[in-house]
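This report walks through the structure shown below. It begins with pairing between the chains and then turns to salt bridges.

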Amino acid sequence: MTAGASYHGQPVIKAPVWTWQIPWYFFTGGVAGASAGLGYLCELRGDDALARRAWAAAMAGICVSPALLIADLGRPQRFLNMLRMFKVTSPMSVGTWILQGSAASTAIAAAHAWFGLFPRLARVAAPAAALLGLPLSTYTAALVTNTAVPVWHEARRTLPFVFGAGAGLSAGAAALIGADPATAAPARRLALGGAAMELATTTLMHRGLGEHGRPYSQGRCKHFDQAASGFLAVGSALLAARGSRSRTAAAAGGVLLLAGAVSTRWSVFAAGRQSAADPHAVIDPQRAGIARGERIGGARTEPVARDAAAPAGPAS
Amino acid sequence: MKLEVHTWPATYGEQAQPRMGFFTDTSICIGCKACEVACKEWNHVPMQLQGFTGNSYDNSVDLGADRWRHVAFVEQRLPADATDGGSLVQIAERGAAIDAGVQTYQEGDGVRWLMASDVCKHCTDAACLEVCPTGSLFRTEFGTVVVQEDVCNGCGYCVPACPFGVLDKREDDGRVWKCTLCYDRLRDDQEPACAQACPTNSIQFGELDELRERADRRLARLRDAGQDQARLYLADEDNGIHGAGAFFLLLDEPEVYGLPPDPVDTVRDLGSIWAAAGAAALALGAGLAAAVLGGRG
């Protein structure tokens, strides 16, 4: 670590003010989104038992998610202000609308799967929920990477895949808990495949981050990251070995995988706080970009003779 | 990919005003903190005691919800023989005094004291404004960036989006607050409180184009006088925020004052951000289909 200049060691950027609700929402939003897809595909396949389990998980996720988000607001009673506009430059705005659509369509699809209600509406709502569930699972990565926090912003090409994989494994794992192993093969494949993808994409993200990824080897972030790897490895092994025969093993494996997905989201959240708190995480890469000649930076030492007609800019 | 958000001057039509800003010339800042006080008084910014920091004379620490102007104090120890003039004996005496730790903090005693009043930059490409999901943050007819406190719901997205760490949430209030460039005073043809209170004219307020010309004349004078560390920060439009409404003349690297050397508006990468999120959503869809429809059991 280079020890360049900073202002009394003070952070350059502000750490996110988001609290515990947000990493949990990363998880519940993923459960809701991918479970809707799982439910719809199981219906297509004629696997109604598994479909009902998946729609229940989707419904649970989609009910908890808005509550978490509203609770995190500084002025919860003003949550409706989110609906004043639709703004592509704000993934939070886009996500608000995705969540609205997901909630409405998932509620109808789940009511149909469980109670046979709204049969005609559900024909549209179920595929809509399944489709909206996909961006619902990954837009949260766009949200955190669209910030000045180096460990998030520099992971903008990989973090959505980590969140997507985590959503898939969460949906599979949630559907496994309490299910009859004989009929839960698709959920098991989804859980195992998702867990493998989450481990792989997380490793890719850490490698791609390079020096920006320092938080993942320090402090709380490191502990969450190690816990995630452990939960995913043990859960996957248990599921692969006994998950197709034992209901208990499948449930235990599912719980372990869910814990893994939660831990990954907490490690990403903690990484952002640690990265923002470290002035050198912000300054050093910017300084290095200037030194390499790739960036001109914000400062200029040579004066420019300006007159009203001349455009602003450095002298040639 | 760059999404241009033309909110000024285009959307204001005939009501558009010239872009107004601050030129903060830190070479004549005396660290009196009149700007901090005037800002608090005028804008009713609440008190927030942060204790005694030991960071030189700076006990307000940083910009935030309750500090819209912040005076930075940097004490730099210079080599004893670095100052011009004086005999070898005087230089040796000065060196001995520094070694013994008895020197006073005055010019020429081996300490260079930098002072700078920091403020919201009112960026041309303002990440805070672009990520705000409620439209609470908006661009005024003066080209400045202001939070509408009757709209803000405290989602906190602007806080980590700002490359300068300007915005923050006021804890007991729940909303985010920052410098408004005294929007209320500007509408009454008054200059912002900090600029009016500044006794040395370190904080200069005016039309941005005119301030930029003035700043370059000042930089040329300082360079001629041998201040080869002098530099303008955010005075041009070729940086990562496409220029700022508040820019600075500094006497050292920006990071010495707590400023990022190469601030970039995160929304410049929005194309790759949405592309990756979209690709990951498709990959998740493919994975779901493969798991459910692809297997035997």
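## A strand pairing across the chains

How many bridges join strand 1 of chain A to strand 9 of chain B? There are two bridges, and the strands, with residues 299-300 forming strand 1 of chain A, run antiparallel. Within this pairing, A299(A) has Y233(B) of strand 9 of chain B as its bridge partner. The model described here is predicted.

## The interface between chain A and chain B

The contact between the chains involves 95 residues of chain B and 80 residues of chain A. About 7,200 Å² of area is buried between chain B and chain A, and carbon and sulfur atoms give 59% of that area. The size of an interface is often stated as the accessible area lost when the parts come together.

Between chain B and chain A there are nine salt bridges. In one salt bridge, the side chains of R287(A) and E255(B) meet at 2.8 Å, N to O. Polar contacts between chain B and chain A number 44 residue pairs, with both residues at pLDDT 80 or more. On the side of chain B that touches chain A, the elements giving two or more residues include strand 2, helix 3 (127-131), helix 7 (208-224), strand 9 (231-233) and helix 8 (270-293) of chain B. Helix 8 of chain B gives the most to this side, with 18 residues. The residues of chain B on the side that touches chain A comprise 53 nonpolar, 21 polar and 21 charged.

## Strands 2 and 3 of chain B

Strand 2 of chain B, residues 69-77, runs antiparallel to strand 3 of chain B, and nine bridges join the two. Q76(B) stands opposite R112(B), which belongs to strand 3 of chain B. Strand 3 of chain B spans residues 111-119 and is mostly covered, with eight of its nine residues buried.

Over all chains, the structure holds 25 salt bridges. Side chains of opposite charge can pair when their charged atoms come close.

R268(B) and D125(B) form a salt bridge, with their closest N and O atoms 3.4 Å apart. This pair links distant parts of the chain, 143 residues apart: R268(B) is in the loop between strand 10 (246-250) and helix 8 of chain B, and D125(B) is in the loop between strand 3 and helix 3 of chain B. R268(B) is partly exposed because its relative accessible area is 28%, whereas D125(B), at 7%, is buried.

Another salt bridge is formed by R187(B) and E141(B), whose closest N and O atoms are 3.3 Å apart. The two residues lie in distant parts of the chain, 46 residues apart, with R187(B) in helix 5 (residues 183-187) of chain B and E141(B) in the loop between strand 4 (137-139) and strand 5 (145-147) of chain B. With a relative accessible area of 51%, R187(B) is exposed, whereas E141(B) is buried, with a relative accessible area of 10%.

E210(B) and R214(B) are both in helix 7 of chain B, four residues apart, which is about one turn of the helix. Their closest N and O atoms are 2.9 Å apart in a salt bridge. E210(B) counts as partly exposed at 35% relative accessibility, and R214(B) is partly exposed with a relative accessible area of 25%.

Salt bridges with shared partners also join R287(A), R231(B), E253(B) and E255(B) into one network.

Definitions and conventions: Residues are numbered from 1 along each chain as its sequence is written. Chains are lettered from A and ligands numbered from 1 in the order in which they are written. This is a predicted model: local features need pLDDT of at least 70, side-chain atom pairs count only at pLDDT 80 or more; totals for chains, interfaces and linings use all residues. Side-chain values use heavy atoms; hydrogens and water are left out. Buried means under 20% relative accessible area, exposed over 50%, partly exposed in between (1.4 Å probe, protein chains only). Two strands pair if DSSP finds at least two bridges between them. Contact means heavy atoms within 4.5 Å. Buried area is the accessible area (1.4 Å probe) that two parts lose on being put together, summed over both. A salt bridge is a side-chain nitrogen of Lys or Arg within 4 Å of a carboxyl oxygen of Asp or Glu. A polar contact is a pair of N or O atoms within 3.5 Å; within protein, one must be able to donate a hydrogen and the other to accept it, and residues adjacent in sequence count only if both atoms are side-chain atoms. Ala, Val, Leu, Ile, Met, Phe, Trp, Tyr, Cys and Pro count as nonpolar, Asp, Glu, Lys and Arg as charged, and the others, Gly among them, as polar.
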